[in-house]
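Please go through the following structure with the text beside it. The paragraphs move from single residues to the protein as a whole.

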Amino acid sequence: MTEYEPVIGLEVHAQLITNSKMFCSCPADYQSAPPNTHVCPVCLGLPGTLPVINSEAIKKIILTGLALNCSIAEQTKFDRKSYPYPDLMKGYQISQFDLPICYDGHLDIDVDGEARRIGIERIHMEEDVAKLFHRTEAGSGEGYALVDVNRAGVPLMEMVGRPDIRSAEEARQYLVAYRSILQYIGVSTGSMEEGSFRCDANVSIRPKGVLEYGTKVEVKNMNSFRAVFHAIEFEIERQSKVLNEGGRIVQETRGWVEAKGETISLRSKEKANDYRFFPEPDLPPLIVKQSWVAEIAELLPELPIERRVRFEDELGLSPYDAGQVTASPRLADYYESVIQHYIEINGPSGTIAKSAANWTITELGRLSNDGQIPVEDSPLKAEYLAELIGLIDQKIIGTSQAKIAAESMFTTGKSAKITVEELGLAQITDSSAIGDAVREVIEANPSAVADYMAGKETAAKFFVGQVMKVTKGKANPTIVSELIIEQLEAKK
Ligand SMILES: [Zn+2]
């Protein structure tokens with residue numbers, strides 16, 4: 001069987017965060033408003049109206065281009081993309097054809113420790129379209145669609161990546177990295193679930209070693225990072241199977257069906273629409289002054305990769321930990337705030353960077369998944385996590401007690417001290433109380449005592465386990481071990 005190499009390129013649409021729409025003064029916030037209330041003659045495409053370019057959107061796409069190492073065009077323009085579909089009020093979409101604002105950039109990612117540079121062909125500006133809601137008539141079973149125009153005209157940025165991606169995992173990492181950059185620079189919410197961040201994938205395969213590209217298939221309808229990964233995996237396997245069985249790949253658009261875990265054919269690309277692009281006659285060419293680009297460049301904040309490297313260098317985090325805590329800017333802020341609060345309460349520490357990372361990634365990560373709420377939005381404030389880690393370090397509570405406390409704090413938002421007190425989680429460090437428990441356990445298990453006397457070292461561990469059970473896990477384990485050995489040795 002021939003071994004194939006996948007060739008993947010992603011096209012990603014991201015809505016920009018602006019107050020108003022791309023070409024009119026309607027509010028761009030389309031989710032919270034009742035349907036068809038954020039509309040005006042311009043975004044309805046009524047005759048006699050004229051679009052006006054939203055400069056805030058242009059500023060944000062330039063900021064994105066700079067963060068992705070793109071060149072910024074000095075002269076650019078808008079074009080009409082014509083196609084008949086009920087989500088297009090005007091019968092055309094204002095987009096950019098041959099002169100995108102940003103071009104020739106790249107995004108560096110790290111896949112399993114290997115650095116990969118993925119080229120970016122272009123990032124251009126366009127407007128979002130209306131939203132269709134497909135319904136079925138209860139009686140007749142007939143289908144119909146409702147149109148909400150609120151979304152029409154919302155600034156939409158399309159990034160077209162070069163076909164440099166070679167696996168589904170690379171595609172996922174690249175998408176995560178791109179989303180992370182958009183969030184760091186504050187231009188988009190990047191939510192795939194809410195539809196403010198959408199991705200299509202062009203997937204083809206070719207025999208290993210061959211330079212010529214295979215026939216590509218466009219995959220749509222992927223609503224999560226997981227879906228992108230699985231849809232690409234599926235498509236690579238499907239295409240390999242077709243070729244291995246002597247068939248040929250049809251150039252087409254396929255849709256990912258989440259419930260079935262497969263892609264299905266939507267339409268043949270050979271009958272693709274002719275969009276009849278031509279320069280938008282209602283908008284003048286856009287001249288981007290280099291002095292303005294320089295001003296925008298000044299606004300670039302610390303990017304995810306820079307923050308990751310800083311966490312590795314300054315805090316000594318491993319590349320994995322640093323990557324995890326910098327996944328979103330707000331999570332990274334949360335993590336840094338935990339360290340800051342810890343130092344304020346307990347003074348400098350050589351271990352807080354690592355333990356704060358462990359708690360944020362592992363324990364809070366699990367609670368965050370279970371509760372479907374980001375760590376940084378949970379009621380558990382950074383200062384209380386710092387307090388909790390402090391209590392462990394001062395040996396007031398053990399790690400397993402701390403986990404119980406964290407789980408409670410994650411929903412109640414109470415402080416660590418109050419939670420530990422209310423749940424009675426403080427460690428027993430009183431030697432006489434622990435000594436009593438040790439005596440009790442030794443008396444109850446004469447055969448284990450005999451084992452110990454016969455030189456079986458595991459017997460001591462057995463006693464530790466029993467004492468922890470009797471004290472409900474609250475006894476200080478170091479003191480428990482010491483007292484067990486002391487009392488057993490005294491019996492010799
Ligand atoms: Zn409008």
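Arg276 sits in the loop that runs between strand E14 (262–268) and strand E15 (278–279). Helices (H or I, at least four residues) and strands (E, at least two) are DSSP runs, numbered from the N terminus. The model is predicted: local features need pLDDT of at least 70, side-chain atom pairs count only at pLDDT 80 or more, and totals for chains, interfaces and linings use all residues. Residues are numbered from 1 along each chain as its sequence is written, and side-chain values use heavy atoms, with hydrogens and water left out.

Although Arg276 is not a glycine, its phi is positive, at about 45 degrees. Arg276 is exposed, with a relative accessible area of 52%; buried means under 20% relative accessible area, exposed over 50%, and partly exposed in between (1.4 Å probe, protein chains only). A positive phi is also found at Lys395, a residue other than glycine, where the value is near 60 degrees. Lys395 belongs to the loop between helix H9 (382–393) and H10.

Helix H10 (residues 399–412) contains Gln401, which counts as buried at 4% relative accessibility. Not counting residues up to four places away in sequence, Gln401 touches Leu425, Lys472, Gly473 and Lys474, where contact means heavy atoms within 4.5 Å. Of these partners, Gly473 is found in the loop between helix H14 (458–470) and helix H15 (477–490). Gly473 is buried, with a relative accessible area of 19%. With neighbours within four places in sequence left aside, Gly473 is in contact with Gln401 and Met468. From Asp110, Gly473 is 363 residues away in sequence and 42 Å away in space, C-alpha to C-alpha.

Which residues supply the protein donors of the zinc ion? They are Cys24, Cys26, Cys40 and Cys43, each through SG, lying 2.3 Å from the ion. Donors are N, O and S atoms within 2.8 Å of the metal (3.2 Å for Na, K and Ca); water is not among the atoms, so sites may look incomplete. The angles among the 4 donor atoms are 99 to 115 degrees, and the site is tetrahedral, a label given to four donors if all angles lie between 85 and 135 degrees. The donor residues follow the spacing C-x1-C-x13-C-x2-C in sequence. Cys24 and Cys40 both lie in the loop between strand E1 (4–15) and helix H1 (55–67), so the pair ties together parts that are 16 residues apart in sequence. Both Cys24 and Cys40 are buried.

The largest nonpolar core has 66 residues, and Leu10 and Ile232 have the most contacts inside it. Such a core is a set of buried Ala, Val, Leu, Ile, Met, Phe, Trp, Tyr and Cys residues joined through side-chain atoms within 4.5 Å. Helix H2 (residues 168–184) gives the most to this core, with 8 residues. Beyond its neighbours within four places in sequence, Ile232 is in contact with Ile8, Leu10, Ala168, Ala171, Ala201 and Val203. A second, separate core of 39 residues includes Ala322, Val325, Ala332 and Leu391.

Overall, the protein has 15 helices and 16 strands. Its radius of gyration is 30 Å, well over the 23 Å that the globule rule gives for 492 residues, so the protein is more spread out than a compact globule. The radius is taken over C-alpha atoms, and the rule is 2.2 Å times the number of residues to the power 0.38. Of the 492 residues, 48% count as buried.

Technical notes:
Four donors count as tetrahedral if all angles lie between 85 and 135 degrees; four count as square planar and six as octahedral if opposite donors are over 155 degrees apart and all others between 65 and 115; anything else is irregular.
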